[in-house]
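This report is meant to be read beside the sequence and the 3D structure. Please keep both in view.

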Amino acid sequence: MKTDNVITKPLLEIDKSIDALVKQIELLSFVNPTNIEEEKARFFSSKYLTQPVFKYPDINFDRFKLHRKLFKQQIELIEDERIKNLYEDIIYTYSGLIKCIETIGSGKKFYYNSLHCFGTPTEIDVENAKYILHFEDEDLDSQAFAPKYNAKEAESFFRAYSKQYDFTYHIKHSDKISAIAMVSNNAKTLVLNTNHVYSDNEIGVLTNHEIGVHMVTTMNGLLHPLKIFSHGFPNNEETQEGLAVFAEYMSNNLTVTRLKELAYRVIAVNSLSKGYSFSKTFRLLHNQYDLEKEAAYYITVRAHRGGGFTKDYLYLTGLKKVYDYYHANKNLSLLLTGKVSLEYADDIESLIEKGLAVPAKHITDAYTVNSNTNKTVDFILKNLK
């Protein structure tokens, strides 16, 4: 099927219309507090008892108008039933993200919307997290884990690593993000945290994670006739984060310490379902699990930002799914075609066959060969339920 065929015209028009509507709703641009460091100082001085009062970026779009325009899309004009069902799923997904954005900072309202979009850890997910926490960390006194590079110095490593890829992107520095680095999909920008001092291991992790997957899928997503590859399929966060951490594994940068960080995120998100406050989640991580206070604070921020952001447990579930997918000898490049989901792999193949999508141009360098030598990490991943 050609993309200019009369049969595909309604689909392309609907896709273009949705693209124009959702360009402005990148959730991470709104859910990261702007006063993380100020509230950290206040929280620590209170002996971990006060609740941080976070501030968030202003929302720069009319939420009601956006909802209305989304649901006015005439998807019944899409003749292919499979594609029509996909676009119905996509419209409901984007509507859920808008609800998340419009309730940021509203406590339980945001939490319930986040729950609807991302779910929450199951008992098995929590068991997997606790299982990981039984393993010993690597020698954290080794030079690989020593903080060495400020954001400006770290930037040079990202630029050197990126030379192997046939694309360009922007790099900016910020003290307003809860992660130590992140990719802004819409802006094609890598953001580095100016409050962090990076180790050699973190440089290895982040170059493969942020550029090798997140920027690769950003750039691949822009190459399709259909814009949904760029803005995201339903549940793409789990697959994308799974792919990104899997790139850490394949490049021999995934450590037990890093897996434990992902496990702590599961524990923190699970605390939301128990109704834990920010300070109670922090004390759970810091006192019960002996997590260093700085790390415990930032993991708690990630889980409690917005009013309860459940997305973070998906890193571990996504990693396990991608790990199993790879070991079943399935095609990883299919999952690099954009911001796509493993559950829609057959749909992606179908869209490529119909000329409505293209195979991935940029392929994650780490996926070329399995360089992992960490037997403990392999043992853990094989034995997760």
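This is a predicted model: local features need pLDDT of at least 70, side-chain atom pairs count only at pLDDT 80 or more; totals for chains, interfaces and linings use all residues.

## Helix 7 and helix 12

Two packed helices are described by the angle between their axes and the distance between the axes. Helix 7 covers residues 123–132 and helix 12 covers residues 256–273. The angle at which they pack is about 140 degrees, and their axes are 8 Å apart. With that angle, helix 7 is oblique to helix 12, because angles over 145 degrees count as roughly antiparallel and 65 to 115 degrees as roughly perpendicular. Helix 7 passes helix 12 in a left-handed crossing.

On the side of helix 7, the contact is made by Asp125, Val126, Ala129, Lys130 and Ile132. Helix 12 contributes Leu259, Lys260, Ala263, Val266, Ile267 and Asn270. Sorted by class, the contact of helix 7 with helix 12 has seven nonpolar residues, one polar residue and three charged residues.

## Helix 13 and helix 14

Helix 13 (residues 278–288) packs with helix 14 (residues 293–304) at an angle of about 140 degrees, and the axes are 9 Å apart. Helix 13 and helix 14 are therefore oblique to each other. Their crossing is right-handed.

The residues of helix 13 that make the contact are Phe278, Thr281, Phe282, Leu285 and His286. From helix 14 come Lys293, Ala296, Tyr297, Ile299, Thr300, Val301 and His304. By class, seven residues in the contact of helix 13 with helix 14 are nonpolar, four are polar and one is charged.

Helix 15 has 14 residues, 314–327. At 1.5 Å a residue it should span 20 Å, and its end C-alpha atoms are 20 Å apart, so the two values agree. Of the 14 residues, 10 are buried, so helix 15 is largely enclosed by the rest of the structure. The buried residues are Leu314, Tyr315, Leu316, Thr317, Gly318, Leu319, Lys320, Val322, Tyr323 and Tyr325. Helix 15 is followed by Asn329, which has a positive phi near 60 degrees.

Tyr325 belongs to helix 15. Its relative accessible area is 9%, and Tyr325 counts as buried because the cut-off is under 20%. Leaving aside neighbours within four places in sequence, Tyr325 is in contact with Lys330, Asn331, Leu332, Leu334, Leu335, Leu342 and Ala345. Between Tyr325 and Met250 there are 75 residues of separation in sequence and 14 Å in space, taken from C-alpha to C-alpha.

## Glu155 in helix 8

Glu155 is found in helix 8, which covers residues 151–162. Is this residue, Glu155, buried or exposed? Glu155 is buried, with a relative accessible area of 9%. Apart from neighbours within four places in sequence, the residues in contact with Glu155 are Ile171, His173 and Leu192. Glu155 and Gln74 are 81 residues apart in sequence, and their C-alpha atoms are 45 Å apart in space.

## Gln73 between helix 4 and helix 5

Gln73 lies in the loop between helix 4 and helix 5, the latter being residues 81–102. At a relative accessible area of 13%, Gln73 is buried. Which residues does Gln73 contact, leaving aside its neighbours within four places in sequence? They are Ile14, Ser17, Ile18, Leu21 and Ile91. Gln73 and Phe233 are 160 residues apart in sequence and 17 Å apart in space, from C-alpha to C-alpha.

## Positive phi in two loops

Tyr48 is placed in the loop between helix 3 (36–45) and helix 4 (63–71). Its phi is near 70 degrees, a positive value in a residue other than glycine. Tyr48 counts as buried, at 18% relative accessibility.

Asn252 sits in the loop between helix 11 (236–250) and helix 12. Asn252 is not a glycine, yet its phi is positive, at about 70 degrees. With a relative accessible area of 33%, Asn252 is partly exposed.

Technical notes:
Residues are numbered from 1 along each chain as its sequence is written. Side-chain values use heavy atoms; hydrogens and water are left out. Axes are lines fitted to C-alpha atoms, for helices over the stretch in contact, and angles run from 0 to 180 degrees between N-to-C directions. Helices (H or I, at least four residues) and strands (E, at least two) are DSSP runs, numbered from the N terminus. Angles under 35 degrees count as roughly parallel, over 145 as roughly antiparallel, 65 to 115 as roughly perpendicular and the rest as oblique. A crossing is left-handed if the near helix is turned anticlockwise from the far one by less than a right angle, and right-handed if clockwise. Contact means heavy atoms within 4.5 Å. Ala, Val, Leu, Ile, Met, Phe, Trp, Tyr, Cys and Pro count as nonpolar, Asp, Glu, Lys and Arg as charged, and the others, Gly among them, as polar. The expected span of a helix is 1.5 Å times one less than its number of residues. Buried means under 20% relative accessible area, exposed over 50%, partly exposed in between (1.4 Å probe, protein chains only).
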